[in-house]
Amino acid sequence: MPDIDLFSPLQLGPNLLQNRMVMAPLTRNRSTPEGVPHALNVEYYRQRASAGLILSEATCISPEAVGYPLTPGIWNPDQVIGWKAVTAAVHAAGGKIFCQLWHVGRISHPDLQPNGQLPVAPSAIKPAGDAITLQGPKPFVTPRALEIEELQGIIAAYQNAAKNALEAGFDGVEVHAANGYLLDEFLRDGSNQRQDSYGGSIDNRARLLLEVITAVSEVCDIQQVGVRLSPVQPFNDMRDSDPKTTFTRVIELLNAFDLAYLHITEMGSDAPGAAGPFFSPLELRALWKGIYMTNAGYSKAKANSALQNGEADLVAFGVPFIANPDLPARYRNNAPLNPPDPSTFYGGAEKGYTDYPFMS
Ligand code: PHB
């Protein structure tokens, strides 16, 4: 059995990761209203640079991609300047950071959209639940189904965002195709009922994701591109009639790309069947030819066992990294962890963001 644990380095394409602990992408709603990262965000990421790899919080690729207040963007020069300070701080502290590229699709609201327009989606299907607006929760609206002619513009926005991310000093990008946002809405048949070449068969539903990856790989080394999927995640009112068959085929299709990694969150495994007939997302690991990142509720012991058994090459930790900026050192020293304060996860300032103590 190979002697691999969380502290084993990993060569990820051009990036040498100092350990196998990834900071999961975490929405914190602390950018400026213009979606520009600022000094407080620089400090937050700098504090967490001992992760083998930081995945940025989900970052909007265009004004239409926005679905929550105070989330960052990467579509304009001011945002690139803001992110440059973040990546420089992470690099100066010896870390690596990828930018998670995000379009929320239908998980938005006219209040968050340019000119108060409707959010866009594969199909005009309203998700159950509320959008989070600056005035608080408001019921989701029925989104506008994208015209097939508009998809080239979406793909171009992903490409522009990836180009900007590299200019901003990111070491790579993660294409967010999970958790009920636009690309996931295309993948799963609960949200995609299109009759054209982007709906129906699994290959059609995966077409937009594959075209986005192709476009992004024209401006990045493909070994700087990761993809995140969430096959059993019911969040954002998502479901599929046959998740196992859908995602098995998606992974076969992704195997044609020499991606940096595939990141599959197991979120939803605690509500088996809520997103469709249940299967364990870990079954997909055996199908994937490259580096595999897993996520959701891993302890140090469970993570080390997954690495040793070959169930994963990298493990992403979310909440533990919120509360413990020095999580790798704590795990290495078997030190106790700071408890997280969920009331400060979304929005606010320093409290619950940059004021969690380091180990003494
Ligand atoms: C959220 O803001 O609630 C959120 C963002 C991105 C995710 C999941 C949740 O992938």
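Start by selecting N179: an N or O atom in its side chain is 2.6 Å from an oxygen atom of the ligand, a polar contact in the sense of a pair of N or O atoms within 3.5 Å. The protein covers 83% of the 280 Å² of accessible area that the ligand has on its own (Shrake-Rupley method, 1.4 Å probe).

A note before you go on: this is a predicted model, in which local features need pLDDT of at least 70 and side-chain atom pairs pLDDT 80 or more, while totals for chains, interfaces and linings use all residues. Numbering runs from 1 along each chain as its sequence is written, and side-chain values use heavy atoms, without hydrogens and water.

Next, pick H176, where a polar side-chain atom lies 2.7 Å from an oxygen atom of the ligand. Then click on T27, whose side chain has an N or O atom 3.3 Å from a ligand oxygen.

Now show the residues around the ligand: T27, Y68, W102, H176, N179, Y181 and F235, each with a heavy atom within 4 Å of it. Which classes make up this shell? There are 4 nonpolar, 3 polar and no charged residues, with Trp, Tyr and Phe counted as nonpolar.

Finally, move to helix α1, residues 39-47 (helices are DSSP runs of H or I, at least four residues). Select E43 and R46, whose side chains meet in a salt bridge at 2.8 Å, N to O; the rule asks for a side-chain nitrogen of Lys or Arg within 4 Å of a carboxyl oxygen of Asp or Glu. E43 and R46 are separated by about one helical turn because they are 3 residues apart in the helix. By this rule the count comes to 13 salt bridges.

Methods: A polar contact is a pair of N or O atoms within 3.5 Å; within protein, one must be able to donate a hydrogen and the other to accept it, and residues adjacent in sequence count only if both atoms are side-chain atoms. Helices (H or I, at least four residues) and strands (E, at least two) are DSSP runs, numbered from the N terminus.
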